[in-house]
Amino acid sequence: MEKLEKIYVWLSISILLAFIIALIYASVALAVRVPTDVGQIVPNPGESLVSAVMRTPPFNQPGIQEVGPGQYKVVVIGQAWMFNPPSIELPLGAEVTFYGTSLDIDHGFYIPGTDVNMMLLPGQISVLRHKFNKAGEYRIICHEYCGTLHHLMTGTITVK
Ligand code: CUA
């Protein structure tokens, strides 16, 4: 009986370890990122999230802004089922700080071939930096299932 108990104890410990390893693998190897705790957009009483986002800087001005030599601020708003702005043009070597949020539900912001991978969450501000060292056309993909037209929620970044 004691031997059986030991087996059970070790079995539960190994299952726990397997979960922890899977968690670490997911966060490190797959580069799954939760939004950084930069800030939140809180609507006033009776105000919709949409109007709260629209009036809160930097989201009152979605798009590209040059903030220094070779340095850009790109403000992106996700909504079902598009990115605002849908296309972004950047010069080669641009050092970009992305600011993102969502107007409605959870969306993703993923650029295949880069380490740009973040969530756009309603009322939550996500920030991520990336330097574009390779010219070309990049696709922006929503990689968080967000409903019927999720698969059509894409955008482009042109680097030249
Ligand atoms: Cu937005 Cu999927």
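The domain assignment divides the protein into domain 1, spanning residues 1-30, and domain 2, spanning residues 36-159, and in this predicted model the centres of domain 1 and domain 2, taken over C-alpha atoms, are separated by 38 Å. Where pLDDT is low, the predicted coordinates should not be read in detail.

In UniProt, an unreviewed entry lists residues 67-160 under the domain name "Cytochrome oxidase subunit II copper A binding". In the model, the span 67-160 is 57% strand and 0% helix, and its end C-alpha atoms lie 19 Å apart.

The largest nonpolar core comprises 25 residues, among which V74, V76, L90, V96 and F98 have the most contacts inside the core. At least two residues of this core are supplied by each of the strands β3 (71-79), β5 (87-90), β6 (95-102), β8 (117-120) and β10 (136-141), and the greatest contribution comes from β3, which gives four residues. In soluble globular proteins, nonpolar side chains tend to be buried together.

The surroundings of V96, one of the core residues with the most contacts inside the core, were examined individually. When residues up to four places away in sequence are not counted, V96 touches Y72, V74 and L90, and also R129, H130 and F132. Of these partners, V74 and L90 are themselves listed with V96 among the residues having the most contacts inside the largest nonpolar core.

Notes
Residues numbered from 1 in each chain as written. Predicted model: local features only at pLDDT ≥ 70, side-chain atom pairs only at ≥ 80, totals over all residues. UniProt positions renumbered as here; feature names shortened; annotations may be inferred. Core = buried A, V, L, I, M, F, W, Y, C linked by C-beta atoms within 7 Å. Buried ≥ 20, exposed ≤ 12 C-beta atoms within 10 Å, placed from the backbone. Contact = placed C-beta atoms within 7 Å. Domains from an automatic or database assignment.
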